[in-house]
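Biologist: I would like to learn how to read this model, feature by feature. Shall we take it in turns?

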Amino acid sequence: TCVEMATVPLGFDIDAPRWDQSTFVGRLKHFFNITDPRTVLVPEEELDRAKALLWACRAGLVPPGSSQEQLLYAKKLYDSAFHPDSGEKMNLIGRMSFQVPGGMALTGCMLQFYRTVPAVVFWQWMNQSFNAIVNYTNRNAASPISLRQIGVAYITATSAALATAVGLNLYTKRAPPLLARWVPFAAVAAANCVNIPMMRQQEIINGVTVTDQDNNELGCSRRAAVKGIAQVVVSRITMAAPGMIILPIIMERLEKFPFMQRIRVLHGPLQVLLCGGFLLFMVPAACALFPQRCSLALADLELELRDSIVAKHGDKLPYVYFNKGL
């Protein structure tokens with residue numbers, strides 16, 4: 001009841017963004033909040049309680065004594081662990097909050113073990129398996145994908161990564177050592193350009209649901225899907241770029257020092273930790289590059305959908321909106 005919400009300020013909206021999502025800084029604060037890697041340690045029961053509290057708040061039935069801080073923390077846990085479209089709990093590995101611990105381990109190993117073909121093959125395969133889970137988990141849930149399509153997407157992306165990595169690895173045998181250290185990034189970038197569109201192909205084939213500013217559905221658009229997926233590809237490559245480009249330069253210089261040559265066994269763990277430092281900032285920064293609720297000009301929609309919207313609403317809707325996924 002309303003009386004039970006005494007500790008919650010009047011006008012408080014649990015679903016309203018805490019920060020302005022039309023600005024990069026606002027989105028950065030938002031994603032720092034929901035990609036917080038500490039949330040992966042939260043027990044399943046607490047996540048379920050956060051979801052129940054969030055839904056109760058939406059219905060105006062908040063338990064007595066609930067403070068605004070408790071409600072905001074419940075929203076943080078919900079956003080970190082549940083899909084924004086379906087409300088279903090996402091698998092742990094696929095959550096954006098797992099990108100730092102998962103990504104730092106895989107990226108560090110790719111950067112450390114780049115010299116031999118078997119090591120390149122193994123770590124690129126591991127990374128693409130991880131990426132496939134992340135891409136599937138963060139797809140637009142309104143566009144289902146079959147197990148066969150998932151398998152084709154996984155095999156295609158893994159093949160692209162391996163072909164790029166192994167090919168460049170052989171090509172750079174006579175090149176300066178630093179170029180060889182950049183091969184993993186080239187492979188990751190190439191694979192992202194394949195993995196994400198393939199894993200989300202249903203969105204490109206059937207379109208994604210577009211709405212007006214008040215979330216009223218207007219239809220499905222393939223052009224909106226292409227724009228959203230392209231932005232996700234750019235974000236994922238940006239997420240990996242600083243660590244995989246700058247860290248090899250750092251390691252190249254560090255390894256010339258005598259003390260580093262004496263502790264070669266620690267080079268791998270050191271790269272993993274340094275990758276974690278980069279990803280702590282780059283995961284939220286890359287997610288914040290583009291608004292989560294993406295917009296597309298009415299004029300850029302498919303002709304049939306555009307005519308349908310104009311017939312119903314006239315020229316009152318210059319833009320449509322959709323969830324681009326992560």
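Biologist: In the hairpin of E1 and E2, which residue takes a positive phi?

Modeller: First, the ground rules. This is a predicted model: local features need pLDDT of at least 70, side-chain atom pairs count only at pLDDT 80 or more, and totals for chains, interfaces and linings use all residues. Residues are numbered from 1 along each chain as its sequence is written, and side-chain values use heavy atoms, with hydrogens and water left out. Helices (H or I, at least four residues) and strands (E, at least two) are DSSP runs, numbered from the N terminus. Now the hairpin: Asn-215 takes a positive phi near 70 degrees, and five residues lie between the strands.

Biologist: How many bridges join strand E1 to strand E2?

Modeller: Two strands pair if DSSP finds at least two bridges between them. Here E1 (residues 208–211) and E2 (residues 217–221) run antiparallel, joined by four bridges. Val-208 stands opposite Ser-221 in E2.

Biologist: Which residues of strand E3 point to one face and are buried?

Modeller: Buried means under 20% relative accessible area, exposed over 50%, and partly exposed in between (1.4 Å probe, protein chains only). In E3 (residues 293–297) the side chains alternate: Cys-294 and Leu-296 are on the buried face. E3 runs antiparallel to E4 (residues 319–323), with five bridges between them. Ala-297 has Tyr-319 as its bridge partner in E4.

Biologist: Which residues is Arg-293 in contact with, leaving aside its neighbours within four places in sequence?

Modeller: Contact means heavy atoms within 4.5 Å. Arg-293 contacts Thr-211, Asp-212, Gln-213, Asp-214, Asn-215, Tyr-321 and Phe-322, with those neighbours left aside. Arg-293 is partly exposed, with a relative accessible area of 35%. Its C-alpha atom is 9.5 Å from that of Ser-22, 271 residues apart along the chain.

Biologist: Is Gln-271 buried or exposed?

Modeller: Gln-271 is buried, with a relative accessible area of 1%. It sits in helix H12. Not counting residues up to four places away in sequence, Gln-271 touches Gly-108, Leu-111, Gln-112, Leu-247 and Met-251.

Biologist: How many residues has the largest nonpolar core?

Modeller: A nonpolar core is a set of buried Ala, Val, Leu, Ile, Met, Phe, Trp, Tyr and Cys residues joined through side-chain atoms within 4.5 Å. The largest has 40 residues; Phe-31, Met-104, Met-239, Met-244, Leu-279 and Cys-287 have the most contacts inside it. Helices H1, H4, H5, H8, H10 and H12 each supply at least two residues of this core. H10 gives the largest share, ten residues.

Biologist: Why does this core lie between domain 1 and domain 2?

Modeller: Domain bounds come from an automatic or database domain assignment. Domain 1 (24–82) and domain 2 (96–323) both give residues to this core, so it lies between them.

Biologist: What area do domain 1 and domain 2 bury between them?

Modeller: Buried area is the accessible area (1.4 Å probe) that two parts lose on being put together, summed over both. The two domains bury about 1100 Å² between them, 75% of it on carbon and sulfur atoms. Arg-27, Phe-31 and Thr-35 supply 46% of the area that domain 1 buries against domain 2, more than any other three residues. Twelve residues of domain 1 are in contact with 16 residues of domain 2.
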